[in-house]
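This briefing is meant for a reader who is meeting the structure for the first time.

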Amino acid sequence: MPYRAILENLPLDLAAGEGPDMARVTDLGGLAEYYLDMTSHLSDPDYWEENFGPFLNWKRLPGDDSSIPGFMTQLTITGPFINRTLFEQAGIDVPSDMSDSVTWDEWAEASRAVAEALEIPYPMAMDRSGHRFAGPAISSGAMYFDDMGHPTVMDEGFRDMAERFVGWHLDGTMHPEMWPLSEGYAGANEEFANAELVFYMSGSWQVGQFSEQIGDAFDWQTVPNPCGPGGCTGMPGGAALVGIGSTEHPAEVARVMEYLASQDVLGEFAARTLFIPAHAGLSASGVDFDTDLQLAKDSLGVFVGQVGTLEQTAFDLQAYAFNRAVFDASRDRLTQAMVGELTVDEAIARIQDDVDTALAEQG
Amino acid sequence: MTASELPAIKNRSSVRLLNQLDPITRPVLLLLVTAVDRILTPIQRRVGIDKMGYFFVLPNLLIFGIFVLFPMLLNFYYAMTGGTKLFPEDRPFVGLDNFATLFDCENFSQPNSCQEDLFWRGIFNTIQFVVFQVSGIVLFSLITALVLNRNIIARGFFRSVFFYPVLLSPVVVALIWKWILQHEGVLNAILELFGGESMRWLLDTNWAMFWVVFVSVWALMGFYTLILLAGLQSIPPELYEASSIDGANTWQDFRFVTMPLLMPTMFVVLVLSLIRAVQMFDQIFVLTGGGPGTRTQLMVQYIYTTGFSNQIQLFGLSAAASMVLGVSLLILTLLQLRLGNQSSLA
């Protein structure tokens, strides 16, 4: 099933009461009202609290602190990949080799230098996603919530990264077509795998794909998230397998889920898919990832190491039920600023307006 | 049993026609006629022969009612409701608020001054697209039909060539042209081969609209060419012979014989292409995603995004926008039909 169907069709099916028994979702909080609380059907609810506890809130409605709707099949962390071979060929030092806290500007400058030296078409690219943009924005000081807990983008940190990001599209630092010429999500996997891209801001879920697509054709590497006045953070995220409340077989759903969420099964799933597990037991024991590719193991190691650098704002934003309203508006309005339909300030005002309007309708 | 023995078949010519059928088909058909007659006769006795017409169109009316009229009425109701719930009974009635939101503008020529700026961008883009696309389709279809109507070499081949893109799915058409127009695409490769500079065709706001119109005309003109070709072939050749005797040249033939007689077909082409242009979505969605920015985002994409693509789905606003689109289309079609009637009378 295509990802777009999960984003667009599943919510309608669920609203119509015609959803499946179980679903793998990424809009974790946004669909929480449709989830099945499996607590009474589970043989050992404590196992779920112990191992999935920190992530259960991502799938709960505000005010709910006890339901067990499902488990995270993978924890993802956003972060950049670089093509180290290109840096070596260009004779330019990799900034993160020399400093633990490289800024976005330093990465932009280094990537431009590599692209210029080797005539590579794209110095940098970022997935076309407000979620991906949120990490750099928080690093620049964006708060994303006001004192009342209402989502806001009207601060200097968000504006700072928005202006920088739009500017990079105008001066050719960022892939010039990916954001302006797409609808919804778009990635630069192809460009990165074809060594046409120096620096690619994406996330840990790409490790498996790059292992297959690139292998060891060149040295690709994950580097720590760039820094700013607000920290050096990416965004947490992931996909969850959840039971759906409208199922006619809640007990059977819970049984299947118990099997899939067991440490052995989940460990094997993580090992084979190269996904980072969101399971306390597996985090403690470690996962022996099923790959001989050292590049992949190193990348996963960097991503796991990034968990500790994630800012609280990033966790709060990920846990916010209507975060996609903020992400989607950021993505679409910033794109308008890139092509001159709006100024950066107008775009930010529109993002806020879109979010406020949507939340007012939501009630 | 012969046809004349059946009470249902009284018409002489029908009897003659049935008696000419082969010995297998005739009894089957007679059986069928008898069965239908047994059902219809009591109904006709009850409702009277004048009202039997309603009975015959009833199945079609039912299908139209269930699949067209009911959804339209439902859409109208949704446009009067707010919130994000799916079922009508869960949605609060807000009257004309959604329409007020759509039309809340300081200056209608400046989308940025409107509350729903994307709706107005969609309207302006749609108007631009429709004007150029429909003009392009009518003009190029007419030229192509005129050429293909002449005795040119390999006429059958060229007729197939022009019709071929119509057989392709809009998504396939968009992907082919995306491959041609992308920065590392075929068009730039050809340009560079001849010493030209490559361009980002779809990233430039003006070129993007041009290509969207061009691709659409390329993909659809074969269909309209076929309609016009049929219209051209229905013009009696005697009229051209007469005009030739009167000393008319080729232009006068076209101006005073071809165009007046082709006008009803032209109106069909105009109405069909206009409706299709206003509804355009899939091809542009794949080719540019509505971009760069929102430069090629038409009204239908606004309706889709607002109602289905966003996390918080504003069905009411989306339904209101689709009502505006529907009414605009209705007005345009009625206007065209009126003009068409006036032209026919003239």
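In this predicted model, 28 residues of chain A are in contact with 25 residues of chain B, where contact means that the C-beta atoms of two residues, placed from the backbone, lie within 7 Å. Local features need pLDDT of at least 70 and side-chain atom pairs count only at pLDDT 80 or more, while totals for chains, interfaces and linings use all residues. Residues are numbered from 1 along each chain as its sequence is written, and chains are lettered from A and ligands numbered from 1 in the order in which they are written.

**Where chain A touches chain B**

- On the side of chain A that touches chain B, the elements giving two or more residues are α1 (3-15), α15 (323-338) and α16 (344-362) of chain A; helices here are DSSP runs of H or I with at least four residues, numbered from the N terminus.
- The most comes from α15(A), which gives six residues to this side of chain A.
- By class, this side of chain A has twelve nonpolar, seven polar and nine charged residues, where Ala, Val, Leu, Ile, Met, Phe, Trp, Tyr, Cys and Pro count as nonpolar, Asp, Glu, Lys and Arg as charged, and the others, Gly among them, as polar.

**Domains**

- Chain A is assigned domain 1 (3-75 + 238-311) and domain 2 (78-235 + 313-362), with bounds that come from an automatic or database domain assignment.
- The C-alpha centres of domain 1 and domain 2 of chain A lie 26 Å apart, and 26 residues of domain 1 of chain A are in contact with 31 residues of domain 2 of chain A.
- Helix α13 (residues 294-306) of chain A supplies eight residues, the largest share of the side of domain 1 of chain A that touches domain 2 of chain A.
- That side of domain 1 of chain A has 13 nonpolar, nine polar and four charged residues.
- Chain B is divided into domain 1 (1-47) and domain 2 (97-345), and the C-alpha centres of these two domains of chain B lie 50 Å apart.

**A helix pair in chain A**

- Helix α6 (residues 130-139) and helix α7 (residues 156-170) of chain A pack with their axes 8 Å apart, at an angle of about 120 degrees.
- The contact of α6(A) with α7(A) brings A:Phe133, A:Pro136 and A:Ala137 in α6(A) to A:Gly157, A:Phe158, A:Met161 and A:Phe165 in α7(A).
- The residues of this contact of α6(A) with α7(A) divide into six nonpolar, one polar and no charged.

Technical notes. Axes fitted to C-alpha atoms, helices over the stretch in contact; angles between N-to-C directions.
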